[in-house]
Amino acid sequence: MPSAQPLSPFFVGLDADGTGTHPASAAVAGLAGADLVSGDRLARSVRQAENAGLTFVSFADALLPAVPGSPASARLDAVTRAAFVSRTTTAIGLVPQVPTTYPEPFHVAAQLASLDIATAGRAGWVPSVTRDPETADAYGRPAVSDPEREARDVVQVVRYLWDSWEDDAVVRDVTTGRYLDRGRVHYVDFEGKSFSVKGPLITPRPPQGQLVVLAADGDIAPAAEQLVDVALVGGSDVAAVRAGAAAARERSPRAGVDIEVVLDAGGRSGVDRLAELDAGSPPGSRTPWGTGALRHVGSAASLVALLIKLATPGSDGRRPVDGVRLLPAVLDVDLPVLARDVLPALRAARLTAAPRPGATLRDALGLPRPANRYDVRVSA
């Protein structure tokens, strides 16, 4: 009988944006003003996540705050924040969210390629869709009627642009003064529903070839080619997320689960903490809090048990899901518990491993480096 294929690493990511995913997280953490956007605070959180052995951290982004008047809107964009912490980390993946609905796709491709260069191949991308008309007004553009199709077009052309330079296009020949081989830089001519892009990218191909694309399942309209490397699913219970992950694997090589976490911490139960957070939600925010993700409220031990259940292979030899992204209610409260009690238990169970310095995010996720679509030496 043929030998079983080795399992891909079980990844554990973390949304490390702001003060936490709960709208009352800043108030409960006692942060205001400049403390909310402190670069030192951001770097400290990401280093703590790296030391804990998390696979990657993600950073949310939006032109307008989710809660009108929220001080969390006073922040740099997600790519800039990821670039800021890229030189203070060596192993953890850095995955900014970049909207696809209104920003220029060419600029998105160049920004993300530059981030992958800065991180030596540890960058990813969460392409998000924007459905509110207020953001369209802020860009001075008419509202996009089909944001999922727009997302498909943007991700598709960004992937083309990343491939517009072959891996060895840069020659740096000092004797002749030649920087690149023009024959290995390719012209992209893409026509989408609401935009067109012509010409090659202005930066070389990223170290990973293609950055890892992680997206909420359903945010990107179906395409003939694979556009998403890791689909992120939600659900109200384990059965729902298992079913969602199984369906997502038909379109993406990896499927992960978003999990909101409110852990027992500081001598208080997760239930009590969540009640306090919901009661302190600012006016205009969603109450009760919820992102559509699977939710865990309780002890670190019960979270470990949940993750082991999701990571344990079934009779077919495959895990129900390939990994998780944890969405802490309050980053400064929940991250220390994750680092102290959850990640060590998962490593002890041999389910996950800390990413290695020098490895790419693709390496950490068990994804191969893709061939360049324009390289005839590969495609022939």
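Start with helix α2: its buried residues pack against β1, β2 (56-59), α3, β3 (93-99) and α10 (331-348). Contact here means heavy atoms within 4.5 Å, and buried means under 20% relative accessible area, with exposed over 50% and partly exposed in between (1.4 Å probe, protein chains only). Helices (H or I, at least four residues) and strands (E, at least two) are DSSP runs, numbered from the N terminus.

Before you click on, a word on what you're looking at. This is a predicted model, where local features need pLDDT of at least 70 and side-chain atom pairs count only at pLDDT 80 or more, while totals for chains, interfaces and linings use all residues. Residues are numbered from 1 along each chain as its sequence is written, and side-chain values use heavy atoms, leaving out hydrogens and water.

**Select 39-52.** That's α2, with 14 residues. From first C-alpha to last it reaches 20 Å, close to the 20 Å expected at 1.5 Å a residue; the expected span is 1.5 Å times one less than the number of residues. Now show side chains for R41, L42, A43, S45, V46, A49, E50 and A52, which are buried. An α-helix has 3.6 residues a turn, so residues three or four places apart point the same way.

**Select R81 and D17.** Their side chains meet in a salt bridge (2.4 Å, N to O), one of 22 in the structure. The term covers a side-chain nitrogen of Lys or Arg within 4 Å of a carboxyl oxygen of Asp or Glu. R81 sits in helix α3 (residues 78-86) and D17 in the loop between β1 (11-15) and α1 (25-29), so this pair links parts of the chain 64 residues apart. Both ends are tucked away: R81 is buried at 9% relative accessible area, and D17 is buried at 8%.

**Select D163, then R205.** D163 is buried, at 1%, in the loop between α6 (147-162) and β5 (170-173). Its salt bridge with R205 has the closest N and O atoms 2.9 Å apart. R205 comes from the loop between β8 (196-198) and β9 (212-216), so the pair ties together parts 42 residues apart in sequence. R205 is buried too, at 7%.

R373 lies in the loop between α11 (361-365) and α12 (376-379), 210 residues from D163, and is partly exposed at 33%.
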